[in-house]
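Here is a short report on one protein chain. Keep the sequence and the 3D view open while reading.

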Amino acid sequence: MNLLIEVPSFLQPILDSLNIEGYITQGYDFVMALSAIEQLVGALALAIIVILGTFELIKKLSKLIIVVAVLFGLWVMYNQGFLEGIIG
């Protein structure tokens, strides 16, 4: 099995020493050896984890976006001189 990802030459010795392709092959063989029910349960569990993780990421990013927007608004107000009376 050959990965079709082109990597920079300085990373190639690291990837060769880690044997990534061997791990991918072992994982694939393990999953293919499972029964259809076990594969279905695993796929459902993975789907639930991905969906929950996506919602957690959206929650965290929305808070970060709000903080960045407030900071940007304060920066614009400071540059325009609106805060001169408050800050001095």
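Rings of Phe, Tyr and Trp (its six-membered ring) pair if their centres lie within 6.5 Å; planes under 30 degrees apart count as stacked, over 60 as edge-to-face and the rest as tilted. The structure holds one aromatic pair. Phenylalanine 72 and tryptophan 75 have ring centres 5.8 Å apart and planes at 35 degrees, so the pair is tilted.

This is a predicted model: local features need pLDDT of at least 70, side-chain atom pairs count only at pLDDT 80 or more, and totals for chains, interfaces and linings use all residues. Residues are numbered from 1 along each chain as its sequence is written, and side-chain values use heavy atoms, with hydrogens and water left out.

**Overall layout**

The protein chain has four helices and zero strands. Helices (H or I, at least four residues) and strands (E, at least two) are DSSP runs, numbered from the N terminus. The order of elements from the N terminus is α-α-α-α. The radius of gyration is 25 Å, well over the 12 Å that the globule rule gives for 88 residues, so the protein chain is more spread out than a compact globule. That radius is taken over C-alpha atoms, and the globule rule is 2.2 Å times the number of residues to the power 0.38. Along the principal axes, the C-alpha atoms fill a box of roughly 70 × 40 × 15 Å.

How many of the 88 residues count as buried? The share is 1%. Buried means under 20% relative accessible area, exposed over 50%, and partly exposed in between (1.4 Å probe, protein chains only). The protein chain exposes about 7900 Å², and carbon and sulfur atoms supply 74% of that area. Accessible areas come from the Shrake-Rupley method with a 1.4 Å probe; for residues, only the protein chains shown count as cover.

**Helix 3**

Helix 3 has 45 residues. From its first C-alpha to its last, helix 3 reaches 64 Å, close to the 66 Å expected at 1.5 Å a residue. The expected span is 1.5 Å times one less than the number of residues. Glycine 81 follows helix 3, and its phi is positive, near 90 degrees.

Phenylalanine 72 and tryptophan 75 both lie in helix 3, three residues apart, about one turn of the helix. An α-helix has 3.6 residues a turn, so residues three or four places apart point the same way.

Helix 3 (residues 36-80) also holds glutamate 56 and lysine 59, again three residues apart, about one turn. Their side chains meet in a salt bridge (3.1 Å, N to O). A salt bridge is a side-chain nitrogen of Lys or Arg within 4 Å of a carboxyl oxygen of Asp or Glu. By this rule the count comes to one.

**The N-terminal helices**

Which residues form the nonpolar patch on the surface? They are Phe10, Leu11, Ile14, Leu15, Leu18, Ile20, Tyr23 and Ile24, with about 720 Å² of accessible area together. Patches are made of residues with over 30% relative accessible area and no salt bridge: like charges are joined within 9 Å, nonpolar side chains (Val, Leu, Ile, Met, Phe, Trp, Tyr) within 5 Å. Helix 1 (12-18) and helix 2 (20-33) each supply at least two residues of the patch. Leucine 11 is placed in the segment before helix 1, while leucine 15 lies in helix 1.

Asparagine 19 is found in the loop between helix 1 and helix 2. Its phi is near 55 degrees, a positive value in a residue other than glycine. Most residues other than glycine have a negative phi.

**Partly exposed residues**

| Residue | Relative accessible area |
|---|---|
| Leucine 11 | 31% |
| Leucine 15 | 31% |
| Asparagine 19 | 45% |
| Glutamate 56 | 38% |
| Lysine 59 | 43% |
| Tyrosine 78 | 46% |

**Distances across the chain**

Tyrosine 78 lies in helix 3. Tyrosine 78 and proline 8 are 70 residues apart in sequence and 45 Å apart in space, C-alpha to C-alpha. For leucine 15 and isoleucine 37, the separation is 22 residues in sequence and 34 Å in space, C-alpha to C-alpha.
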